[in-house]
Amino acid sequence: MSTAKPRADRAAEARVAATRIEAEGVDGVIVSWVDNAGVTRVKTVPVRALEPAARWGVGAAPCFDAFLVDDSLAPSGGPTGDLRLVPDLTGLHRLAAQPGWAWAPGDRWTQHGDPHPGCQRGFARRTADALADRGLTVRAGIEVEWIVDGGEGGPAYGMRRLIGNSDYLRDLLRALREQELTVLQLHPEYTEGQYELSLAPTGPVEAADTALLVRHTVQAVSLRHGLRASFAPVTAPGGVGNGGHLHLSLWRDGRNLGHGGTGPHGLTREAEAFLAGVLAELPALLALGAPSVASYLRLAPGRWSGPYRCWGLENREAALRLITGSAPEQANAEVKCFDAAANPYLAVGGVLAAGLAGLGHALHLPPETTGDPGDPDVPGGAAERLPATLDQAVDALRKSEVLRAALGEPLWRAVIDVREAEIARFAGLSDEQLVEAVRYRY
């Protein structure tokens, strides 16, 4: 259901959905959105109030656009005005690990029925629509990484850690299956207590929706097992943190444009131009995809976090990793420098906007980095470092005409305001204090 449908149509679909999920034991529906700091905010309605919520929306003050990660406000936040949060019932799911509850992503509209210019989900949809106008589609997926306190330890990627937490991980798989999500992989990751989950690719807006639903489910299953999950960029100073890697592939007429072309490693001309646009905007994109002051404790050389502005085939230290796969449909690119603090709609929309700019200017990729990007002895010398602090990334965003135009002035300004306010808020903290301040906010 698109919130662009007439109110009467939305209400009719909500009546059908409410009848169905109430018969399945649902009492309440959660409608969520993600603010500019990367925090998921919610409103809920009883299941029998889903119809008026779909017709008219529920109140969600515009001041949330100025919320920081610690619930303080940027100076631009004020007490006046109201918006309407409208559930998108195409994303409605009964929550297997929260009995009696269902969830739907929300779009934010003005009280006059127009899209709110600061709606991050609307931004992602606009960029996907702009690609569709060119006859192109993107298939995307966001890896979900998290760290739990209280689980069985063990080696990185190790069987011991899997065995010690097998009941927990089994229940997570069951919950995701009941929610009709297609899991591709689930495994222990590098850091103690860390896991990674990847799902089948979907459309870009749906990929962001799915990432949120997976995080909600991870938190709920973790709590049921006496564990506490964190999606923060880092949970210990000097440690390897939680990425939010974005995988995407460009398609036209059912063909994956990352395969069978004459460009590098089989890229078609369109796919190369799209990825060259992403690479060109990566410093500014970090203000969307690595949005926390703490993100830059993770984005460091030697941790395979993608801290270098370069690309390479299966190069896990490059910010843009090309993956050819073992079949044509598997070819994709991975943006490795993003983390789990990102608003996924801002991250997805920003990457699509950058790719569109690359297509518009018919850009070419620079020479490939085939070794460690930080090694001055690799062919071409050491690669350029991406911003090493949030204020450097914000400065790049200020200078990006591409992202400013794509976001639109209200959303661009709101993002800048929140980033600047968080920089000031956390100035002077030690790494330990910063990690503690954000560990359980995402």
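A pocket is an open set of grid points with protein on both sides within 12 Å along at least five of seven lines, and its lining residues have an atom within 4 Å of a point. The views below show a predicted model.

**View 1. Centre of the largest pocket.** The largest pocket is lined by 41 residues. Nearest its centre lie Glu143, Glu196, His247, Arg321 and Glu334. The space within the largest pocket amounts to about 1000 Å³.

**View 2. Strands and residue classes around the largest pocket.** Two or more lining residues come from each of β7 (137–142), β9 (183–188), β10 (194–199), β12 (246–252), β15 (318–323) and β16 (332–335). By class, the lining of the largest pocket comprises 16 polar, 13 nonpolar and 12 charged residues.

**View 3. The second largest pocket.** The volume of the second largest pocket is about 540 Å³. Its lining consists of 22 residues, and Thr40, Arg215, His216, Gln219 and Tyr442 are the closest to its centre. At least two lining residues are supplied by each of β2 (40–46), α6 (204–224) and β11 (228–230). The greatest contribution to this lining is that of α6, with 6 residues. The lining of the second largest pocket contains 13 nonpolar, 6 polar and 3 charged residues.

View 4. An unreviewed UniProt entry assigns the annotation "domain: GS catalytic" to residues 120–442.

How values were computed: Residues are numbered from 1 along each chain as its sequence is written. This is a predicted model: local features need pLDDT of at least 70, side-chain atom pairs count only at pLDDT 80 or more; totals for chains, interfaces and linings use all residues. Side-chain values use heavy atoms; hydrogens and water are left out. On a 1 Å grid over the protein atoms alone, a cavity is a set of points where a 1.4 Å probe fits but cannot get out, and a pocket is an open set with protein on both sides within 12 Å along at least five of seven lines; lining residues have an atom within 4 Å of a point. Grid points are joined across faces, edges and corners, and a volume is the space filled by probe spheres set on the points. Helices (H or I, at least four residues) and strands (E, at least two) are DSSP runs, numbered from the N terminus. Ala, Val, Leu, Ile, Met, Phe, Trp, Tyr, Cys and Pro count as nonpolar, Asp, Glu, Lys and Arg as charged, and the others, Gly among them, as polar. UniProt positions are given in the numbering used here, feature names are shortened, and annotations may be inferred rather than shown by experiment.
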